[in-house]
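Here are some friendly notes to read alongside the model. Keep the structure open as you go, and take the points one at a time.

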Amino acid sequence: MIESLNIHPEDSMQQASSTRVAIVTGASRGIGAAVAQRLAEDGYRVAVNYASNELEADKTVAALRAAGHSAIAVRADVSQADQVRALFDTVERELGKVDVLVNNAGILKTVPLAESSDELFQRTFAINVQGTFNTLREAATRLNDGGSIVNFSTSVVGLKLPGYTIYSATKAAVESMSQIFAKELRGRRIRVNVVAPGPVATELFMDGKTPEQIAHFASLPPLERLGEPRDIANVVSFLVGPDAAWVNGQVVRANGGVV
């Protein structure tokens, strides 16, 4: 099911030719919302994608509009190819052809491998890997030449923490796909990079952790704090911007030096 907030079509057509368009998946809250805000501040017309949390997505869009930015909310489960196609259809119709894709949507549950269920394995790969695959495949033919893609991994791939087996495996797959895809887009001037955050103070990270565990993670980086969503949004802004014009097929581990 695809839903979007209404915008004035005439406004869309007038601005689409002069303003670049970005899709941020999983952008209703947390890092995704921070990325949507930063890209809006950078001048992008932003599509805030969400799978189920309509209330938070609408709040994010309302805040962006209140600040004078152009934004819409679009519901789509990225693990479903037909919904990803409809996501691009909606964005192209209401904002214009897409220049930037940020694949932030993902799920994380920490469980030792021996205790992991088939359902958890399948669901995590469906969102984190299949979801990225679906959006990349769509972007291959629909992203403007000269555009940019940023996929999300995790610094846990380098940390190799117990309990993160399935999650780390999905993100390692994302890194590999991204680096190969960057080469497959030769001739289109589309850059594909990956940001791999360390511990960031979001609901996704905090969920299920004790205060002692959170304090432990905050103490690990030499900078001695958790990352903030804005820290990661700033890295994404750099990667899609002109200052990163020679950065392609790379993994940027934004983690305060923890690994």
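**Notes on the fold**

1. Let's begin inside. The largest nonpolar core has 31 residues, and Val-35, Leu-39 and Val-195 touch the most other members. A nonpolar core here is a set of buried Ala, Val, Leu, Ile, Met, Phe, Trp, Tyr and Cys residues joined through side-chain atoms within 4.5 Å. Buried means under 20% relative accessible area, exposed over 50%, and partly exposed in between (1.4 Å probe, protein chains only). Two or more residues of this core come from each of β1 (21-24), α2 (30-41), β2 (45-50), α3 (54-66), β3 (71-75), β4 (100-103), β5 and α10 (229-240). Apart from it lies another core, of 24 residues, including Val-74, Leu-87, Leu-95 and Ala-105.

2. A word on the source: this is a predicted model, in which local features need pLDDT of at least 70, side-chain atom pairs count only at pLDDT 80 or more, and totals for chains, interfaces and linings use all residues. Residues are numbered from 1 along each chain as its sequence is written, and side-chain values use heavy atoms, with hydrogens and water left out.

3. What does Leu-39 touch? Leaving aside neighbours within four places in sequence, Leu-39 is in contact (heavy atoms within 4.5 Å) with Ala-22, Val-24, Tyr-44, Val-46, Val-100, Val-102, Ser-237 and Val-240.

4. Now the sheet. Seven strands form an open, parallel sheet in the order β3-β2-β1-β4-β5-β6-β7. Its edge strands, β3 and β7, each pair on one side only. Helices (H or I, at least four residues) and strands (E, at least two) are DSSP runs, numbered from the N terminus, and two strands pair if DSSP finds at least two bridges between them. For β1 and β2, the parallel pairing runs over four bridges. In β2, Val-46 is the bridge partner of Ala-22, and Arg-45 is that of Val-21.

5. Is β2 enclosed or open to the outside? Six of its six residues are buried, so β2 is largely enclosed by the rest of the structure. Arg-45, Ala-47 and Asn-49 are buried on one side, and Val-46, Val-48 and Tyr-50 are buried on the other.

6. Have a look at helix α7 (residues 165-184) too. With 20 residues, α7 reaches 29 Å from its first C-alpha to its last, close to the expected 28 Å (1.5 Å times one less than the number of residues). Among its buried residues are Ile-166, Thr-170, Val-174 and Phe-181. The buried residues of α7 pack against α5 (118-142), β5 (148-152), α6 (156-159), β6 (191-195) and β7 (251-252).

7. Finally, two loop residues to check. Most residues other than glycine have a negative phi. Lys-160, however, has a positive phi, near 55 degrees; this residue is in the loop between α6 and α7. Lys-160 counts as exposed because its relative accessibility is 65%. Glu-224 has a positive phi near 55 degrees and lies in the loop between α9 and α10. At 63% relative accessibility, Glu-224 counts as exposed.
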